[in-house]
Amino acid sequence: MRVHVLHHGHCFDGMVSACVFAAFLRQHCPQPVTPVFIPKHYGNGDPFDESDFAGDINACVDFRYTRHPRLHWYFDHHRSAFQSAEDRGHFVADGERRKFHDADAPSCARLIAQIARDQFDVDLSPFNQLIEWADTIDRARFPSPAAAVTLENPAMRLAAFVQVCDDQPAAQSLIDRLTRDGLEATALAPDVAAVVEARQREREINLALLDRRARIRGEVLTYDLLGDGPRVLNHFLPYYLHPTVRYAVGTYEGSDGSLRLSVGFNPWLDPSTREHDLAALCEAHGGGGHAYVGGCTLSAGEKDRMRTIWASVSRVLRRAPAASSL
Ligand SMILES: [Mn+2]
């Protein structure tokens, strides 16, 4: 039985959720299960393709809801999972009890493991270490900015690898190995090590660039790297450079050439000092995320529009009037 597992791409929790869901289905289904892992990315418009739903069973984890009639399983914890009242209504009306959403779950992987245990009597405790890391990385509960930017343990190395792992064969290979070999062996594989070393060199370049470009007004750090070429950016670098800023709002070119907006609340500050729902701010521009971190993606030709969005979100976070400049 071919099972399409659509999962959030470039994301450690997305990867672990896909791995844990496939393990769940292997135990839950009487027939042999062959998972096909398909990374999905947020963008403008409908992120799904008709071919996504060509499996015998189709599942979507850690990613936006779809009313597609051939979606059989769904697990997510993003606040922005439902794009419309129709999407939410469709989810609520689903009588099959194979679709789950809990915005309070620390990671989607943990939600899957809890539902598997409580409602389907399936034990996924062999994945506990991976799920702990999904909780830590997805909620950005690192002890310090340095712990979030240096790649010193297997989970952080794998998180750095998955961020650049964007096509279907790469996702398939990674999640198959994670399932078979476990966290530590997968993180030590030569292809992962090569990417981690390259990412460490890239981090030094990005730190120097951000150091030059970061502007701080009030408690908001902004940066515009749209003219600086494509890159993979660790979203904690601004707090590593400037540990006291409350929000970071940046725009840059992703490794695929698309334009990215990254909006974050400094996770080392008291959570009660966050005044805005960052997912809601990004949803207004076609993006999404969590209350404390969000983003959106535009195509390569839309730099002017991206700068307008970037300036608008920055003004909201600085509580500045619409007419003021950055
Ligand atoms: Mn997640």
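Which residue in β2 is the bridge partner of L6? In β2, L6 is partnered by I38.

## Basis of the model

The model is predicted; local features need pLDDT of at least 70, side-chain atom pairs count only at pLDDT 80 or more, and totals for chains, interfaces and linings use all residues. Residue numbers start from 1 along each chain as its sequence is written.

Helices (H or I, at least four residues) and strands (E, at least two) are DSSP runs, numbered from the N terminus.

## Domains

The chain is divided into domain 1 (2-188) and domain 2 (209-318), with bounds from an automatic or database domain assignment. Taken over C-alpha atoms, the centres of domain 1 and domain 2 are 24 Å apart. Their contact takes 14 residues from domain 1 and 22 residues from domain 2; two residues are in contact if their C-beta atoms, placed from the backbone, lie within 7 Å.

## Strands β1 and β2

Strand β1 (residues 2-8) runs parallel to β2, and seven bridges join them. Strand β2 (residues 34-40) is mostly covered, with five of its seven residues buried. A residue is buried if 20 or more other C-beta atoms lie within 10 Å of its own, exposed if 12 or fewer, and partly exposed in between, with C-beta atoms placed from the backbone.

## The six-stranded sheet

An open sheet of six strands with mixed pairing has the order β6-β7-β8-β9-β11-β10. β6 (215-217) and β10 (288-289) are at the edges with a single partner strand each, so one side of each has no neighbour in the sheet. Two strands pair if DSSP finds at least two bridges between them.

Within this sheet, β8 and β9 run antiparallel and are joined by seven bridges. The bridge partner of Y252 in β9 is R260.

## Helix α11

Helix α11 (residues 303-318) has 16 residues, which at 1.5 Å a residue should span 22 Å; its end C-alpha atoms are 22 Å apart, in agreement. The expected span is 1.5 Å times one less than the number of residues.

Buried residues in α11 are M306, I309, W310, V313, S314 and L317. Seen down the axis of α11, they fall within an arc of 130°, so they line one face of the helix; the arc is that of the directions from the helix axis to the C-beta atoms. The face turned away from the buried side of α11 carries the exposed residues D304 and T308.

The cover over the buried residues of α11 includes β7 (220-230), β8 (247-253), β9 (259-265), α10 (278-283) and β11 (293-298). After α11 comes R319, whose phi is positive, near 55°.
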